[in-house]
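Subject: Structure handover

Hello,

I am passing on the structure we spoke about. Please have a look at it first; my notes follow below.

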Amino acid sequence: MQIVSVRDEPAIRLDAIRYFQRQWASADTMMMYDDAITRCIGAENPLPQWYVLRDGARLVGCAGLITNDFISRGELYPWLCALHVEQDLRGRNLGERLIRHAADHARALGFRSLHLCSDLRGYYEKFGFQPDGVGYHPWGETAQVYSLRL
């Protein structure tokens, strides 16, 4: 298994876009992933980063490291987003590998904390994330914010 950044391997861009879209996009948000992933390649700023987890040629997981996850907590960044591991491979610590990879990259970029928003309780706490209040999405929903000291 190998975690690859689209910035480091731009040739995987189209496969990465399709993978993120399959996991996270709706009909209305397909272009958001296409644009965000395409524009990260060669970008001046270090964020966003889009990672895929490969098992040989098969993409089996993904995650992003972004500046804001469509949430009101703009004072916090970077954000871990779009974490996914294929169902048949869950329970093998692959989600943790993706989280640690993004956290290590954020630390190397000089950030002192990493954040995420999720309604999933009990998972991210296993990796050191702590509840950090609530955030508000533009579409009117709320989500629990979690923060990890790097």
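Leaving aside residues up to four places away in sequence, which residues does F129 touch? They are I99, L114, H115, L116, Y124, Y146, S147 and L148. Please keep in mind that this is a predicted model.

The cores

F129 belongs to the largest nonpolar core, which has 25 residues. F129 is among the residues with the most contacts inside this core, together with L80, L98, I99 and Y124. Two or more residues each come from β2 (49–55), β3 (58–66), β4 (79–85), α3 (94–108), β5 (113–118) and β7 (142–149). Helix α3 gives the largest share, six residues. Another core lies apart from this one; it has 24 residues, including V6, Y19, I71 and V145. As a general point, nonpolar side chains in soluble globular proteins tend to be buried together.

H115

One of the residues touched by F129 is H115, which sits in strand β5. Is H115 buried or exposed? Its relative accessibility is 3%, and the cut-off for buried is under 20%, so H115 counts as buried. The side chain of H115 has two polar contacts worth looking up: one with the side chain of S147 at 2.7 Å, and one with the side chain of S113 at 3.1 Å. Leaving out residues up to four places away in sequence, H115 touches L76, Y77, P78, W79, L80, F129, Y146 and S147.

Strands β6 and β7

Strand β6 (residues 130–136) pairs with β7 in the antiparallel sense, over five bridges. P131 has Y146 in β7 as its bridge partner. Y146 is also touched by F129 and by H115. Five residues lie between the two strands of this hairpin, and G140 takes a positive phi near 100 degrees there.

Helix α1

Helix α1 covers residues 13–24, which makes 12 residues. At 1.5 Å a residue the helix should span 16 Å, and its end C-alpha atoms are 16 Å apart, so the two values agree. Which residues of α1 are buried? They are A16, I17, Y19, F20 and Q21. Among the elements that cover them are α2 (30–40), β2, β3 and β4.

Regards

Conventions
Residues numbered from 1 in each chain as written. Predicted model: local features only at pLDDT ≥ 70, side-chain atom pairs only at ≥ 80, totals over all residues. Heavy atoms only, no water. Core = buried A, V, L, I, M, F, W, Y, C linked by side-chain atoms within 4.5 Å. Buried < 20%, exposed > 50% of the residue type's maximum accessible area, 1.4 Å probe, protein only. Helix = DSSP H or I, 4+ residues; strand = E, 2+ residues; numbered from the N terminus. Contact = heavy atoms within 4.5 Å. Polar contact = N/O pair within 3.5 Å; in protein donor to acceptor, adjacent residues only side chain to side chain. Expected span 1.5 Å × (residues − 1). Pairing = 2+ DSSP bridges.
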